[in-house]
Amino acid sequence: MPELPEVEALREFLTENLVGHQAVRVLPVAISVLKTYDPPVDAFEGSEVVAVHRHGKFLEIEGDRGLRFVTHLARAGWLQWKDRLPDGLPRPGKGPLALRVALETGAGFDLTEAGTQKKLAVYIVRDPADVPGVARLGPDPLAPGFDEDRLAALLADERRQLKGALRDQSLIAGVGNAYSDEILHAAKMSPFKLAASLTPEELHRLYAALRTTLTEAVERSHGLAAGRLKAEKKSGLRVHGRTGEPCPVCGDTVREVSFSDSSLQYCPTCQTGGKPLADRRMSRLLR
């Protein structure tokens, strides 16, 4: 799933390639991608793009006619930029293509989604707050006002484990499964540690890891074309998706805990005092 660093890089890329251009066609190919119907999707056609914004993991393309094109790429979605779109209309039911946006120049982008769980979403709205997922977002962890005191206030009453708290978009916007693993590894904390139990020193470590991990990932992605962002994300991860590989910090074997629809990765030596976490959904809390 694209998370804050990749979506921020897409925002930068689209700002360079969309602003000042007109969206002449918005062509939904999979009807499941459309989450709003008033205004209709074709109401965005003819809009000149004036800005591209990011809200957590949501991308917003702002047009000059008061409408916003908002998308969430979900777990298996992606944006594919094309300097020259194919001629003719795309055919429904053929491949992963969900929606196409064409510019007056002949360039544009496709929104695609792999797999059978169709969760990629597009909204045409007058205000991004009209999108339920945007309206419930917590603060952005890279915003200038997001300091250590703000993080402390957010976690003070959280009786959940750190892994779940970091992934909650209504608590902190933009962090998902991959970067929560990376943040906790950098902070040297168990994913199952209770969020409200952090000492001041632990909170300081977590805040530093949160800001540093995300900032460095954004910097690595800066200036990359949309098609290179997935590979860049994977190459920069230390523990997420690296089960069985040596930890780059201590050399211990990266372990995994599997759940029904996801998994987490961690280093026992760095994060849990050398104790492996039980690989089952109700795994016992280890500090």
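This is a predicted model: local features need pLDDT of at least 70, side-chain atom pairs count only at pLDDT 80 or more; totals for chains, interfaces and linings use all residues.
H1 passes H6 in a right-handed crossing.

- Two packed helices are described by the angle between their axes and the distance between the axes.
- Here, helix H1 covers residues 4-18 and helix H6 covers residues 200-221. Their axes come within 9 Å and cross at roughly 35°.
- Who does the touching? On the H1 side, the contact is made by Leu-4, Pro-5, Glu-8 and Ala-9. On the H6 side, look for Leu-214, Ala-217, Val-218 and Ser-221.
- Sort the residues of this contact by type and you get six nonpolar, one polar and one charged.

- To find Asp-168, go to the loop between helix H4 (162-167) and helix H5 (177-187).
- Is Asp-168 buried or exposed? Its relative accessible area is 18%, so Asp-168 counts as buried, because the cut-off for buried is under 20%.
- The side chain of Asp-168 has a polar contact of 2.7 Å with the side chain of Ser-170.
- Leaving aside residues up to four places away in sequence, Asp-168 touches Arg-136 and Arg-160.

**Aromatic rings**

- How many aromatic pairs turn up in a search of the whole structure? The search finds four.
- One of them is a tilted pair made by Phe-44 and Phe-69, with 5.9 Å centre to centre and 50° between the planes.
- Phe-44 sits in the loop between strand S1 (22-28) and strand S2 (47-55), while Phe-69 belongs to strand S4 (residues 68-72), so this pair ties together parts that are 25 residues apart in sequence.
- Both Phe-44 and Phe-69 are buried.
- Phe-146 and Tyr-207 make an aromatic pair too, and this one is stacked: the rings are 6.4 Å centre to centre, with 15° between the planes.
- Which residues do ring pairs link into a cluster? They are Phe-44, Phe-69 and Phe-109.

Terms used
Residues are numbered from 1 along each chain as its sequence is written. Side-chain values use heavy atoms; hydrogens and water are left out. Axes are lines fitted to C-alpha atoms, for helices over the stretch in contact, and angles run from 0 to 180 degrees between N-to-C directions. Helices (H or I, at least four residues) and strands (E, at least two) are DSSP runs, numbered from the N terminus. A crossing is left-handed if the near helix is turned anticlockwise from the far one by less than a right angle, and right-handed if clockwise. Contact means heavy atoms within 4.5 Å. Ala, Val, Leu, Ile, Met, Phe, Trp, Tyr, Cys and Pro count as nonpolar, Asp, Glu, Lys and Arg as charged, and the others, Gly among them, as polar. Buried means under 20% relative accessible area, exposed over 50%, partly exposed in between (1.4 Å probe, protein chains only). A polar contact is a pair of N or O atoms within 3.5 Å; within protein, one must be able to donate a hydrogen and the other to accept it, and residues adjacent in sequence count only if both atoms are side-chain atoms. Rings of Phe, Tyr and Trp (its six-membered ring) pair if their centres lie within 6.5 Å; planes under 30 degrees apart count as stacked, over 60 as edge-to-face and the rest as tilted.
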